[in-house]
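This note sets out points on the structure shown below, for the attention of colleagues who will examine the coordinates themselves.

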Amino acid sequence: MEREANVLIIGGGVSGTGLAYNLAKLGVEGIVLLERNYLGSGASGRCGGGARQQWTTEENVKFMKKSIEILERLPQELKFNILFRQSGYLFLARDEEQLNLLKENVRLHRKLGVETRFLDAEEAREIVPVLNTEGILGATYNPKDGVLFPFALVWGYAKAAKRLGAKIYLHTEARGFKIENGRIKSVFTDKGEIKVKEWVVNAAGAYSKELARKAGVELPNKPYRHEIMVTEPLKLFIKPMVVDLSNGLYMTQTSRGEVIGGIGDPEEESSYNLESGHKFLYLFSRAAIRVIPILKEIRLMRQWAGLYDTTPDKNPILGPVDEVENFLQINGYSGHGLMMAPYATQLLAELIAYGKPSESIERFSIRRFREGEIKAEKAVIG
Amino acid sequence: MRFKNRIFVCLCEDVTLEDVLKAIEDGNDDIESLKRATGVGTGICQGKYCLNHLARILAERTGKSLNEVGLPKARPPTKPVKLGVFAKLEG
């Protein structure tokens with residue numbers, strides 16, 4: 001194993017592998033990535049695989065638009081098929097408040113060059129013919145939104161990073177830091193010490209908080225369990241990601257044909273629990289059958305859980321911290337890391353390689369939580 | 001193994017011995033990664049007919065014992081169940 005790194009990345013999910021790839025692409029040498037389990041074993045590999053531009057703040061819409069543009073060209077760039085299918089996101093509204101949110105979104109998106117369309121219930125049914133339109137007041141659809149196979153994105157990034165010289169060590173855990181004069185000098189792992197010349201990057205997802213604490217840095221992130229399931233595989237009949245705004249239900253089909261979907265539980269408390277429960281099965285199946293009644297005849301094959309690494313404003317933390325001068329954060333994605341990471345990892349790589357990213361990431365700085373005035377994202381699903 | 005492209009490890013997902021060997025060579029040398037890279041165990045049998053084969057092949061290739069290789073984490077339900085059944089559960 002390498003005993004020295006210029007940039008040491010902790011975490012082998014989409015952030016860690018995406019950053020390793022983007023750094024290597026910019027010619028940065030001495031990149032070492034540590035993953036304590038296997039690639040994508042955290043939230044990256046447990047998520048639903050959605051990527052959308054339909055958000056409620058101008059900043060997030062613009063950011064995701066960039067990410068989607070990257071995802072469109074990534075298979076060729078990485079020489080790896082990430083199974084990205086752009087068949088849209090369909091948001092459903094069941095009351096006036098949700099309807100107004102969707103209408104505001106359409107106005108915002110149009111202004112930013114994102115072609116979200118407002119639809120009535122019948123038009124929504126043209127996109128998903130099995131949709132039950134009862135109780136649906138309106139919908140929005142954006143055909144550029146889509147779903148991908150999360151593991152493939154992680155694997156594609158990792159393979160390309162390795163081809164360009166990055167070193168990736170699996171089943172290797174970062175356990176502590178040697179800090180002198182406010183700088184991390186080395187990282188202690190279960191396989192020995194690695195000296196760090198430039199940066200250490202905390203890409204540990206929901207475990208970022210614990211990791212940061214070992215360096216004396218307190219992150220405001222909290223882990224929340226979110227459950228998800230797949231059914232038996234069927235011919236494609238739910239093309240877009242369907243989102244019910246009334247309860248946070250989301251579902252689509254994977255490229256293998258399984259219906260994949262989840263639902264948020266507002267009563268879920270912060271924890272590292274990853275067990276699957278009965279309550280989710282009840283909440284999900286009731287909500288899913290209401291939207292697409294034929295689902296009652298379809299068999300659920302497998303359920304699991306993952307952790308949202310949630311910040312107070314549901315936006316990620318990107319960039320340096322005040323306490324330790326060479327410790328970068330790329331975490332706190334609050335459930336939408338897979339779709340932000342393509343652009344976020346590019347910007348962070350630029351910060352490392354050039355000292356300044358091509359677009360400011362100041363608004364993702366951890367300092368915002370001390371300065372107040374936070375603008376929370378309202379369209380967090382699941 | 002002359003006919004490894006015709007030996008099926010996983011009948012639900014049509015995965016052959018050749019597919020599995022390639023995935024191991026490609027660096028998927030732990031059982032969880034190998035399951036995801038090949039799809040073995042993710043079909044409607046949920047691994048009941050195939051995961052022991054997968055573990056044995058991985059053990060042979062890596063020189064580890066079956067115990068060290070282990071099996072992927074089992075996900076509920078034990079067998080596929082209609083969503084309509086779960087919708088009738090009490091919350």
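1. Conventions. This is a predicted model, in which local features need pLDDT of at least 70 and side-chain atom pairs count only at pLDDT 80 or more, while totals for chains, interfaces and linings use all residues. Residues are numbered from 1 along each chain as its sequence is written, and chains are lettered from A and ligands numbered from 1 in the order in which they are written.

2. Domains of chain A. The assignment gives domain 1 (4-46 + 151-220 + 313-371) and domain 2 (86-145 + 222-310); such bounds come from an automatic or database domain assignment. The C-alpha centres of domain 1 and domain 2 of chain A lie 30 Å apart. Contact between them involves 11 residues of domain 1 and 10 residues of domain 2, two residues being in contact if their C-beta atoms, placed from the backbone, lie within 7 Å. On the domain 1 side, 3 of these residues are nonpolar, 6 polar and 2 charged. Here Ala, Val, Leu, Ile, Met, Phe, Trp, Tyr, Cys and Pro count as nonpolar, Asp, Glu, Lys and Arg as charged, and the others, Gly among them, as polar.

3. Strands around β11(A). Strand β1 (residues 4-10) of chain A runs parallel to strand β11 (residues 192-202) of chain A, with 6 bridges between them; Glu4(A) has Lys195(A) as its bridge partner in β11(A). Strands are DSSP runs (E, at least two residues), as helices are (H or I, at least four), numbered from the N terminus, and two strands pair if DSSP finds at least two bridges between them. Strand β10 (residues 183-189) of chain A is antiparallel to β11(A), with 4 bridges, and the two form a hairpin with 2 residues between them. Strand β18 (residues 327-331) of chain A pairs with β11(A) in the parallel sense over 3 bridges, and Val200(A) stands opposite Phe327(A).

4. Strand β13(A). On strand β13 (residues 241-244) of chain A, Met241(A) and Val243(A) on one side and Val242(A) and Asp244(A) on the other are all buried, so that both faces are covered. A residue is buried if 20 or more other C-beta atoms lie within 10 Å of its own, exposed if 12 or fewer, and partly exposed in between; C-beta atoms are placed from the backbone. Strand β4 (residues 89-93) of chain A runs parallel to β13(A) and is joined to it by 4 bridges, with Tyr89(A) opposite Met241(A). An antiparallel arrangement with 3 bridges links β13(A) to strand β14 (residues 249-253) of chain A. These two strands form a hairpin with 4 residues between them, and Gly248(A) in the turn has a positive phi of about 80°.

5. Helix α6(A). Of the 14 residues of helix α6 (residues 150-163) of chain A, 11 are buried, so the helix is largely enclosed by the rest of the structure. Among the buried residues are Phe151(A), Trp155(A) and Tyr157(A). The cover includes α1 (14-25) and α9 of chain A together with α2 of chain B. Just after α6(A), Gly165(A) takes a positive phi of about 110°.

6. Nonpolar cores. Which residues touch the most other members of the largest nonpolar core? Of its 126 residues, Ala20(A) and Val243(A) do. Such a core is a set of buried Ala, Val, Leu, Ile, Met, Phe, Trp, Tyr and Cys residues joined through C-beta atoms within 7 Å. Helix α9 (residues 337-354) of chain A gives the most to this core, with 10 residues. The core draws at least three residues from each of domain 1 and domain 2 of chain A. Apart from it lies another core, of 17 residues, among them Ile31(B) and Leu51(B).

7. Leu112(A). This residue lies in the loop between α4 (96-111) and β5 (117-119) of chain A. Leu112(A) counts as partly exposed because it has 13 C-beta neighbours inside 10 Å. Not counting residues up to four places away in sequence, Leu112(A) touches Glu58(A), Val61(A) and Lys62(A).

8. Contact between chains. In all, 18 residues of chain B are in contact with 25 residues of chain A. On the chain B side, the largest share, 4 residues, comes from α5(B). Strand β16 (residues 299-310) of chain A pairs with β3(B) in the antiparallel sense over 2 bridges, and Arg299(A) stands opposite Lys82(B).
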